[in-house]
Amino acid sequence: MTTTETPPHSSTAAPIGRLNVRAFRVPTEGAPESDGTLVWDATTMVLVELEAGGCTGIGYTYADTATAALIRDTLHDVVIGANAFEHGAIWSSMVAKIRNLGREGITAMAISAIDIALWDLRGKLLDTPVAALLGQARERVPVYGSGGFTSYDIAALASQLGGWVASGIPRVKMKIGRDPAADVRRIAAARRAIGDDAELFVDANGAYVVKQALDLAAQFKASGVTWFEEPVYHQDFDGLAAVCERAPATMEVAAGEYGYAPYHFARMLEARTVDVLQADATRCGGFTGLLAVDGLCQSALVPLSTHCAPYVHLHAASAAKMLRHMEYFFDHVRIERMFFDGPVKPVAGTLTPDLTRPGIGLEFRRSDAASYEI
């Protein structure tokens, strides 16, 4: 949109006339996948569509189908008829509506999907990319390749991580923790596959206890591991803080993907649990929640990294002041490319929002997703 053009919806009133929510189940590529504490054979996406002023905004989260039911049964009436430009009022009303259900888990993920759809809708109503609406802070967003599941054998692990580095992504992450006795060997193999210059991250998904995590961190140092994610259970703030304080100085500790509300992140920062705080807009209240976390990171001088769902995060991540990088997660990259027009490819280890497309830059391909709908 040029400066001489008039937005298609310059009015401040755009009542939301329709909310549609659907769930899609996508099997893993081949065999089941696993990390340190979980095995899965499919991923479920819950997609929200909001209509106002002749435009449709989309948002989504990776969550159980119960999230779709909660949106349909509990949050639908809060959203329908509301002015799409009164975003803050809608967000506050949704939080109030789920008071007796709890503020975390599927309630937060339901609010997240709707919040993202609201931002996308506003962008489309104004013919403006969400990056511009949020105040873009950078042109390009660094990413790290993420996968390296514990279900992979050494050959598959080396192929995936080495492939990302060969494509220009200079940092990659692998899963550990399912077989601690094998972790040092698998990490050494990953280092050989990616060479000496790429950064190597590991994610235990809370599989270790504190002393075990510290012992292994010392061993991981030999392979140049610079990022140790969720070394212990994510709610063990004392344990995270202990690992963060005593891990090798060259190894950052990260966590936060299970934060659902600002108070969780505030407590993590107060307890000094991490060197880098993670947040997931599909869980922590959408872009509204993510930027609140970014504000907390600014006050604590702690970097921020977004978790999973790279293409829904891209515009908001480009506006986050404390952003270090985004996670380019294998399963979600695959699904988002299957279901949407608009995903851009990494160039030199970064993603660049397409500012010629309004909203979050994605359009849902119903025909391609239809066979996966639950």
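**Reading loops, helices and cores**

Author: Let us start with proline 358, which sits in the loop between strand S15 (350-351) and strand S16 (363-364). Please keep in mind that this is a predicted model.

Reader: Is proline 358 buried, partly exposed or exposed?

Author: A residue counts as buried under 20% relative accessible area and as exposed over 50%, with partly exposed in between. Proline 358 has a relative accessible area of 26%, so it is partly exposed.

Reader: Which residues is proline 358 in contact with, leaving aside its neighbours within four places in sequence?

Author: Asp120, Gly123, Lys124, Asp127, Thr128 and Pro129 are its contacts.

Reader: Now to helix H3. How many residues has H3, and what does it reach from its first C-alpha to its last?

Author: Helix H3 covers residues 106-125. It has 20 residues and reaches 28 Å, close to the 28 Å expected at 1.5 Å a residue.

Reader: How many residues of H3 are buried?

Author: The count is 19 of the 20, so H3 is largely enclosed by the rest of the structure.

Reader: How do I read the way H3 packs against another helix, and at what angle do helix H2 and helix H3 pack?

Author: The general idea is that two packed helices are described by the angle between their axes and the distance between the axes. Helix H2 (residues 87-97) and H3 pack at about 170°, and their axes are 11 Å apart. That angle makes H2 roughly antiparallel to H3.

Reader: Which residues in H2 meet which residues in H3?

Author: From H2 come His87, Ile90, Trp91, Met94 and Val95. From H3 come Ile111, Ile114, Asp115, Leu118, Trp119 and Arg122. By type, the residues of this contact are 8 nonpolar, 1 polar and 2 charged.

Reader: And at what angle do H3 and helix H10 pack?

Author: Here the angle is about 95°, and the axes of H3 and H10 (residues 286-300) are 6 Å apart. The two helices are therefore roughly perpendicular to each other. Ser112, Asp115, Ile116 and Trp119 in H3 meet Gly286, Phe287 and Thr288 in H10. This contact divides into 3 nonpolar, 3 polar and 1 charged.

Reader: What about the cores? Which residues have the most contacts inside the largest nonpolar core?

Author: As a general idea, nonpolar side chains tend to be buried together in soluble globular proteins. In this model, the largest nonpolar core has 85 residues, and Phe220 and Phe228 have the most contacts inside it. Helix H11 (residues 310-319) gives the most to this core, with 6 residues. A second, separate core of 30 residues includes Leu75, Trp91, Leu121 and Leu125.

Reader: Which residues does phenylalanine 228 touch, not counting residues up to four places away in sequence?

Author: Among them are Ile176, Val202, Tyr208, Phe220, Met251 and Val253.

Reader: Is leucine 277 buried or exposed?

Author: Leucine 277 lies in strand S11 (residues 276-279). Its relative accessible area is 0%, so leucine 277 is buried. Beyond its neighbours within four places in sequence, its contacts include Ala255, Phe265, Met268, Val293 and Leu304. Leucine 323 is 46 residues apart from leucine 277 along the chain, yet their C-alpha atoms are separated by 9.6 Å.

Reader: How many residues of helix H8 are buried?

Author: Helix H8 (residues 237-246) is mostly covered, with 7 of its 10 residues buried. Those buried residues include Phe237, Leu240 and Val243. Helix H7 (210-220), strand S10 (252-255) and helix H9 (262-270) are included in what covers them.

Reader: Back to the loops. What is the phi of asparagine 205?

Author: Asparagine 205 has a positive phi of about 50°, although it is not a glycine. This residue is in the loop between strand S8 (199-203) and H7, and asparagine 205 is buried at 8% relative accessible area. Alanine 348 also shows a positive phi, near 55°. Its place is in the loop between strand S14 (340-341) and S15, and alanine 348 is exposed, with a relative accessible area of 64%.

Note on methods:
Residues are numbered from 1 along each chain as its sequence is written. This is a predicted model: local features need pLDDT of at least 70, side-chain atom pairs count only at pLDDT 80 or more; totals for chains, interfaces and linings use all residues. Side-chain values use heavy atoms; hydrogens and water are left out. Axes are lines fitted to C-alpha atoms, for helices over the stretch in contact, and angles run from 0 to 180 degrees between N-to-C directions. Helices (H or I, at least four residues) and strands (E, at least two) are DSSP runs, numbered from the N terminus. Angles under 35 degrees count as roughly parallel, over 145 as roughly antiparallel, 65 to 115 as roughly perpendicular and the rest as oblique. Contact means heavy atoms within 4.5 Å. Ala, Val, Leu, Ile, Met, Phe, Trp, Tyr, Cys and Pro count as nonpolar, Asp, Glu, Lys and Arg as charged, and the others, Gly among them, as polar. The expected span of a helix is 1.5 Å times one less than its number of residues. Buried means under 20% relative accessible area, exposed over 50%, partly exposed in between (1.4 Å probe, protein chains only). A nonpolar core is a set of buried Ala, Val, Leu, Ile, Met, Phe, Trp, Tyr and Cys residues joined through side-chain atoms within 4.5 Å.
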